[in-house]
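Hi there,

Here is the structure I promised to pass on to you. Have a look at it, and then read my notes below.

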Amino acid sequence: MSKRLRVKLKVTKGEVFLCEGYHEEIYRFFMKYFENLHFSATSFLAKKKIETNEGIWLINKVDLIICSPYIEKLVKLAMNLPKDNMIIQNNVFEVQKVVFISQEILFEGRILSGIYSHGPYGYLEYEKSPEIFSEYLRQRLIYIYKDINGVEPQDKRFMISLKKGWTKYYTLNIPMYKGIYQMFGSTELCNIFIQSFVTGRI
């Protein structure tokens, strides 16, 4: 099974409203810890959460899930998180705990962190060509697999498709996509995908 981090936070004011775009600040916060871009993070997860067209209301306690194909290297850095507070749109979130959790390979599921794909001339838009988006994502997964294991996977098959109803948004000027996905391919590359992007059951 893949591993990931669940970061548990407390809203110091008890409740807070975050305007649209707060996800970029989440990424910037973790980038200073992890010193690379090889991670994905969800938006805030909470039972007491109200989403509107302008932003999101959060009450008391919230979670974030972070994944990375290099998670083993990031664990020690992540253990320092409880010593710091997260500041998002001038609101303070107290990092209370970091938990190491498992995630199985889901060949069909829901994308929780947003996926993206990068070609030779920049980031790709899924709606323009799902096939090209999937192919360059496959190549990226092969690169990560080789970087971790020293060799390319013997089985290089991988393809992903998003079902109708997916949503598009931008984080750090990168087009990202959420929604229901279905993927096909080798266990090796599908496992790297699960490590690279946070997914959940439908």
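Helices (H or I, at least four residues) and strands (E, at least two) are DSSP runs, numbered from the N terminus. This is a predicted model, in which local features need pLDDT of at least 70 and side-chain atom pairs count only at pLDDT 80 or more, while totals for chains, interfaces and linings use all residues. Residues are numbered from 1 along each chain as its sequence is written, and side-chain values use heavy atoms, with hydrogens and water left out.

Let's start with Ser40, which belongs to strand S2 (residues 40-41). Ser40 has a relative accessible area of 1%, so it is buried (under 20%; exposed is over 50%, partly exposed in between, with a 1.4 Å probe and protein chains only). Its contacts (heavy atoms within 4.5 Å) include Tyr27, Cys67 and Phe197, leaving aside residues up to four places away in sequence.

Now to the aromatic rings. Rings of Phe, Tyr and Trp (its six-membered ring) pair if their centres lie within 6.5 Å; planes under 30 degrees apart count as stacked, over 60 as edge-to-face and the rest as tilted. That rule gives 15 aromatic pairs. In one of them, Phe17 and Trp57 have ring centres 5.2 Å apart and planes at 55 degrees, so this pair is tilted. Phe17 sits in strand S1 (residues 2-19) and Trp57 in strand S4 (residues 55-67), so the pair ties together parts 40 residues apart in sequence. Phe17 is partly exposed at 26%, and Trp57 is partly exposed at 36%.

Enjoy exploring!
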